Each structure stands twice: as structure tokens, then as C-alpha cells.
Amino acid sequence: MSKALTVVLLLAMVIQILKPLNLPGLRQRRDFWRIAVFAIAVMMLTVLVRP
């Protein structure tokens, strides 16, 4: 599951660079780093939750 989430977030970053998503906070191409910060936080959470 975490690998699928990683792929989805990477695709979202690529799409954000090519054509902005127009979501609040993601209206410009240079905002792709926010997706990366979210991805890092989610990955850290999955590491903490795993037994």
C-alpha cells in the first residue's frame, strides 16, 4: 500500500509541474514542493504505524 501511495504522490508532483492542479495551495507550478512535504510526512507516519 505504501508503494502505491508513493507512486500516486510522485505522479501528482509531475502533473503539478506540467499543469497546476488548481487546488487551494497548489495553484502555481512551483508549489510542487508542498506535495513532497506531504509525501514525506505520510511516509514517516506509515513507518511509525507499522509493527
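Modeller: A helix here is a DSSP run of type H or I with at least four residues, numbered from the N terminus. In this predicted model, the chain has two helices and zero strands, and Q16 is found in the helix α1.

Colleague: Why is Q16 called buried?

Modeller: Buried requires a relative accessible area under 20%, and Q16 has 0%, so the residue is buried. Leaving aside neighbours within four places in sequence, Q16 is in contact with L21, L26, Q28, R29, D31, F32 and I35.

Colleague: Which other residues of α1 are buried, and what makes them line one face of the helix?

Modeller: Together with Q16, the buried residues of α1 are L9, A12 and M13. Seen down the helix axis they fall within an arc of 100°, and therefore they line one face of α1. An α-helix has 3.6 residues a turn, so residues three or four places apart point the same way. The face turned away from this buried side carries the exposed residues K3 and L18, while what covers the buried residues of α1 includes α2.

Colleague: How do you know that the span of α1 agrees with its number of residues?

Modeller: The 17 residues of α1 should span 24 Å at 1.5 Å a residue, and the end C-alpha atoms are 24 Å apart, so the two values agree. For α2, which has 18 residues, the distance from the first C-alpha to the last is 26 Å, close to the 26 Å expected at 1.5 Å a residue.

Colleague: What makes the buried residues of α2 lie on the same side of that helix?

Modeller: The residues in question are I35, A39 and V42, and they cover an arc of only 65° around the axis, which puts them on the same side of α2. These buried residues pack against α1, whereas I40, M44, V47 and L48 are exposed on the other side of α2.

Colleague: Which residues make up the largest nonpolar core, and how much does α1 give to this core?

Modeller: The core has six residues in all, namely L9, A12, M13, L26, I35 and A39. Members of such a core must be buried nonpolar residues joined through side-chain atoms within 4.5 Å. Both α1 and α2 supply at least two residues each, and α1 gives the most, with three residues.

Colleague: Why is Q28 called partly exposed, and why is N22 called exposed?

Modeller: Partly exposed is the class between the 20% limit for buried and the 50% limit for exposed. Q28, with a relative accessible area of 36%, is therefore partly exposed, whereas N22 has 52% and is therefore exposed. Q28 lies in the loop between α1 and α2 and touches Q16 and P20, not counting residues up to four places away in sequence. The place of N22 is also in the loop between α1 and α2, and N22 has a positive phi of about 60° although it is not a glycine.

Colleague: How do you know that L5 and S2 count as partly exposed?

Modeller: L5 has a relative accessibility of 33%, so it falls between the two limits, and S2, at 25%, is therefore partly exposed as well. L5 has its place in helix α1, and S2 lies in helix α1 too.

Colleague: How far apart in space are L5 and M43, and how far apart are Q28 and L48?

Modeller: L5 and M43 are 38 residues apart in sequence and 8.9 Å apart in space, C-alpha to C-alpha. S2 and V42 are 40 residues apart in sequence and 9.0 Å apart in space by C-alpha atoms. Q28 and L48, by contrast, are 20 residues apart in sequence and 32 Å apart in space, C-alpha to C-alpha.

How values were computed:
Residues are numbered from 1 along each chain as its sequence is written. This is a predicted model: local features need pLDDT of at least 70, side-chain atom pairs count only at pLDDT 80 or more; totals for chains, interfaces and linings use all residues. Side-chain values use heavy atoms; hydrogens and water are left out. Buried means under 20% relative accessible area, exposed over 50%, partly exposed in between (1.4 Å probe, protein chains only). The expected span of a helix is 1.5 Å times one less than its number of residues. The arc is that of the directions from the helix axis to the C-beta atoms. Contact means heavy atoms within 4.5 Å.
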